[in-house]
Amino acid sequence: MIVVIAGTNRAGSNTLKVAKLALRQLQAVGEEATLIDLAELPAQLFTPTVYGDKPAEFEPFQKAILEADGILTVTPEYNGSYPGILKYFIDMLRFPESLVDMPAAFIGLASGEWGGLRSVEQLEMVFHYRHAHLFGRRLFLKGISKLLDDDGHLLDPELTRRFDELVSGFAGFCRKVRQG
Ligand SMILES: Cc1cc2nc3c(=O)[nH]c(=O)nc-3n(C[C@H](O)[C@H](O)[C@H](O)COP(=O)(O)O)c2cc1C
């Protein structure tokens, strides 16, 4: 099972649309996949005591990560980085087992010219620190508001090809890691 994380909780986010595209592409190549939408994190998670005791409502999120064969994170760029909610989610995961040896790939997106490059590179540092296996290829979607149609599909065929290649390539990478 590959987990796709939509890396923001902003209502109506483009990140969620792109994460859903990735989910569909994984399923199209025969991979079991599920989506973690950070907008669905339980309200009980946002209290100072959770660093010790996690609310039961967080367990399905934690379980999905622990059982994942790979994590594909779709991240927007917020203030030159990835969203705080995404770091908070990572900080809430059980340590150290949640990310150790986990295949991990990233897709960045932004309204700006750099397409989430900064977010992805900063996230890669965190996942690398947590001993994940980073997939070598990444994709950056710049000027995101002009790239999607009303149904959340990428308009450009070449970008679609590169997107599908990245996602399918990551599925293959996860299979190889799984087989050892
Ligand atoms: C709090 C916040 C900060 C942002 N900072 C940046 C930024 O530093 N660079 C950029 O290109 N776009 C920035 N944006 C615009 C996002 O790239 C834009 O919202 C895009 O659609 C992707 O994020 P979304 O999933 O929220 O839609 C920012 C948006 C928000 C809400």
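Ile 5, Ile 65, Ile 71, Phe 89, Ile 90, Leu 93, Leu 99 and Phe 127 line the largest cavity. This is a predicted model, in which local features need pLDDT of at least 70 and side-chain atom pairs count only at pLDDT 80 or more, while totals for chains, interfaces and linings use all residues. Residues are numbered from 1 along each chain as its sequence is written, and side-chain values use heavy atoms, with hydrogens and water left out.

**Cavity**
- The count comes to 1 cavity of 30 Å³ or more; a cavity is a set of points, on a 1 Å grid over the protein atoms alone, where a 1.4 Å probe fits but cannot get out, and lining residues have an atom within 4 Å of a point.
- The largest cavity holds about 30 Å³ of space, a volume being the space filled by probe spheres set on the points, which are joined across faces, edges and corners.
- Its lining has 8 nonpolar residues, no polar and no charged ones (Ala, Val, Leu, Ile, Met, Phe, Trp, Tyr, Cys and Pro count as nonpolar, Asp, Glu, Lys and Arg as charged, and the others, Gly among them, as polar).

**Ligand site**
- Around the ligand there are 15 residues, of which Arg 10, Asn 14, Thr 15, Tyr 78 and Asn 79 come nearest; a residue is near if one of its heavy atoms lies within 4 Å.
- By class, this shell has 5 nonpolar, 8 polar and 2 charged residues.
- Helix H1 (14-28) and strand E4 (103-110) each supply at least two residues of the shell; helices (H or I, at least four residues) and strands (E, at least two) are DSSP runs, numbered from the N terminus.
- A side-chain N or O atom of Arg 10 is 2.6 Å from an oxygen atom of the ligand, and one of Asn 14 is 2.8 Å from a ligand oxygen atom.
- A nitrogen atom of the ligand lies 3.2 Å from a polar side-chain atom of Glu 77.
- The ligand taken alone exposes 590 Å², and the protein buries 72% of that (Shrake-Rupley method, 1.4 Å probe).

**Salt bridges**
- There are 12 salt bridges, each a side-chain nitrogen of Lys or Arg within 4 Å of a carboxyl oxygen of Asp or Glu.
- One of them pairs Glu 31 with Arg 175, with the closest N and O atoms 2.6 Å apart.
- Glu 31 lies in the loop between H1 and strand E2 (33-37) and Arg 175 in helix H5 (residues 157-179), so the pair ties together parts 144 residues apart in sequence.

**Backbone**
- Phe 95 and Pro 96 are joined by a cis peptide bond with omega of about 5°; Pro 96 is in the loop between helix H3 (84-92) and E4.
- Asn 79 is not a glycine, yet has a positive phi of about 50°; Asn 79 lies in the loop between strand E3 (70-76) and H3.

Note on methods: 1 Å grid on protein atoms, 1.4 Å probe; cavity = no way out; pocket = protein on both sides within 12 Å on 5 of 7 lines; lining within 4 Å. Polar contact = N/O pair within 3.5 Å; in protein donor to acceptor, adjacent residues only side chain to side chain.
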